[in-house]
Amino acid sequence: MQSPTIDSAQTELNHHHVAETAHHEEHPDNRMFGLVLFLIAEGMIFMGLFGAYLVFRSTLPVFPPEGTPELELLLPGINTAILISSSFVIHNADTAIKKNNVKGMQIWFAITALMGITFLCGQVYEYTHLEFGLTTNIFASAFYVLTGFHGLHVTIGVLAILAVLWRSRNPQHYSNEHHFGIEAAELYWHFVDVVWIILFGLLYLL
């Protein structure tokens, strides 16, 4: 006599479990959207700095101020080539993981990290050989703020790449279906590269 009641309760429990599972599966993944919003916010900060630099350049009678040593182009040019090339390298990592090639992804990410570290070393070397300091004049201050802020972002990008490599020690952590960390690191790295191209043009070429 109790069987119908038990069956009804069990059916209701199963229905609730299925509905709950479906709810979790349908929950949207907004992580990439959040990252894009974050990069837009970071881009606005850089645009503000670029805008301030352009205001200085257009309103001051002489810019850079007289006596400011000219910037060398060789090392920054090499650094620019390294950073731009690294965007193509890191994209190969994304292509590899979409083919479930974890080892290939690790190799390309490691090369990208090495290129990023090389860029930072080149920037530090340039700083140690510049003939002006942070407070020499308004151009010097703008130069250090712009390149230093960008260098900070490169450092964060390198750390993100190294974090992905660390987590990829588990061969099951990333796959062609689960690779948000890889895509996020790649998108951030592309952002850093684009910012540098604009910065290089403003400081070294304009």
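Before turning to handedness, I note the convention: a crossing is left-handed if the near helix is turned anticlockwise from the far one by less than a right angle, and right-handed if clockwise. The model I am reading is predicted.

Entry on α2 and α5. I looked up helix α2 with helix α5 (residues 138–167) and found an angle of about 165°, with the axes 11 Å apart. Since angles over 145 degrees count as roughly antiparallel, α2 is therefore roughly antiparallel to α5. The crossing of these two helices, α2 and α5, is left-handed. On the α2 side, the contact includes Glu42, Phe46, Phe50 and Tyr53, while α5 contributes residues including Phe139, Phe149, His150 and His153. Sorted by class, this contact of α2 with α5 holds 12 nonpolar, 2 polar and 1 charged residues.

Entry on α2 and α6. I then took helix α2 (residues 31–59) with helix α6 (residues 180–205), which pack at about 10° with their axes 11 Å apart. Because of that angle, α2 is roughly parallel to α6. Among the residues making the contact are Arg31, Glu42, Phe46, Phe50 and Tyr53 of α2, and Glu183, Tyr188, Phe191 and Leu203 of α6. By class, I read 19 nonpolar, 1 polar and 3 charged residues for the contact of α2 with α6.

Entry on serine 86. Is serine 86 buried or exposed? I located serine 86 in helix α3 (residues 74–97), and its relative accessibility is 0%, so serine 86 counts as buried. Leaving aside residues up to four places away in sequence, I found that serine 86 touches Thr112, Met115, Trp189 and Asp193.

Conventions
Residues numbered from 1 in each chain as written. Predicted model: local features only at pLDDT ≥ 70, side-chain atom pairs only at ≥ 80, totals over all residues. Heavy atoms only, no water. Axes fitted to C-alpha atoms, helices over the stretch in contact; angles between N-to-C directions. Helix = DSSP H or I, 4+ residues; strand = E, 2+ residues; numbered from the N terminus. Parallel < 35°, antiparallel > 145°, perpendicular 65-115°, else oblique. Contact = heavy atoms within 4.5 Å. Nonpolar A, V, L, I, M, F, W, Y, C, P; charged D, E, K, R; others polar. Buried < 20%, exposed > 50% of the residue type's maximum accessible area, 1.4 Å probe, protein only.
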